[in-house]
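Colleague: I am new to this structure. Could you take me through its helices and a few residues?

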Amino acid sequence: MEQIKEMMFLNLIYIIILFFGIGALLTVILNKNSSLEQKRSRWIKYILYLLIILITAGSIQTGMLIYLAAGLIFTGFIELLWIGCLSKRGVIFGAVSILIYIGIAMSFYWFIVSSTPEELLYIYTIIFTFDGFSQLFGQLFGKRRILPKISPNKTAAGTVGGSIAGYATGLLIIAHAQTVDGFSLILPVLICICAFAGDALASWYKRLCATKDYSRLIPGHGGILDRYDSFIFTGSVFGLVHFGRIIC
């Protein structure tokens, strides 16, 4: 089991090197006709995104993700509470929002403690691949917006490009691990759908509260919920699946 975990972690490192190499090339292309401030902003966002992924992947590998997850949940709760109070939408809105978040957070935490490192690495790799390539393809080719009132930056090209990249990555990992079956061919698609839904729901809540970001904790990315919304929501869905299996 330890050898399998080491192998998956090494594969993840190779994927990160490959994808961030592609990302660096595309960032250079995007920066050709950009202002100095835009170039600087893109590179800061790029570097911080790489650090976030390395920290998260390293936490999974070392068994420390449970502590990182607790920190994400707590910080996310503060961010949610903060923008909810600033929105002035009322006590009922705030109370319902907190209850929903608590439910998602509990399911996400259960997902973390009940999943193997291999499962966590697999799911997280697909999520950050989908997320990263959605942004890159959206900036390069995105013209048609799919959720203009909820998330103006989401485009058809970005979503399709991210989904293809996420699905292909999932298949490569499965093929390398020699665990190909019917469900494994569908699983990457389900993960991409959950990642998209989590990001869209987080954006919808921000629009309800009339704010752009949950906080300014991470330059170029916003807050913890801005960066980890897809992972938290996807994890909560799989946490419910894990819990359902136990009950059944």
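This is a predicted model: local features need pLDDT of at least 70, side-chain atom pairs count only at pLDDT 80 or more; totals for chains, interfaces and linings use all residues.

Colleague: How far apart are the end C-alpha atoms of helix α2?

Modeller: Helices are DSSP runs (H or I, at least four residues), numbered from the N terminus. The expected span is 1.5 Å times one less than the number of residues. Helix α2 covers residues 36-62, 27 residues, and should span 39 Å. That agrees with the model, where the end C-alpha atoms are apart by 39 Å.

Colleague: At what angle do helices α3 and α4 pack?

Modeller: Axes are lines fitted to C-alpha atoms, for helices over the stretch in contact, and angles run from 0 to 180 degrees between N-to-C directions. Helix α3 holds residues 65-87, and α4 holds residues 91-114. Their axes lie 10 Å apart. α3 and α4 are roughly antiparallel (over 145 degrees), at an angle of about 170°.

Colleague: How many nonpolar residues does the contact of α3 with α4 have?

Modeller: Contact means heavy atoms within 4.5 Å. Ala, Val, Leu, Ile, Met, Phe, Trp, Tyr, Cys and Pro count as nonpolar, Asp, Glu, Lys and Arg as charged, and the others, Gly among them, as polar. The contact has no charged residues and three polar ones; the nonpolar count is 16.

Colleague: Is phenylalanine 93 buried or exposed?

Modeller: Phenylalanine 93 lies in helix α4. Leaving aside neighbours within four places in sequence, phenylalanine 93 is in contact with Ser87, Tyr205, Leu208 and Cys209. Buried means under 20% relative accessible area and exposed over 50%, with partly exposed in between (1.4 Å probe, protein chains only). Phenylalanine 93 has 18%, so it is buried.

Colleague: With which side chain does the side chain of serine 34 make a polar contact?

Modeller: Serine 34 lies in the loop between α1 and α2 and is buried, at 16%. A polar contact is a pair of N or O atoms within 3.5 Å; within protein, one must be able to donate a hydrogen and the other to accept it, and residues adjacent in sequence count only if both atoms are side-chain atoms. At 2.8 Å, the partner is arginine 42.

Key: Residues are numbered from 1 along each chain as its sequence is written. Side-chain values use heavy atoms; hydrogens and water are left out. Helices (H or I, at least four residues) and strands (E, at least two) are DSSP runs, numbered from the N terminus. Angles under 35 degrees count as roughly parallel, over 145 as roughly antiparallel, 65 to 115 as roughly perpendicular and the rest as oblique.
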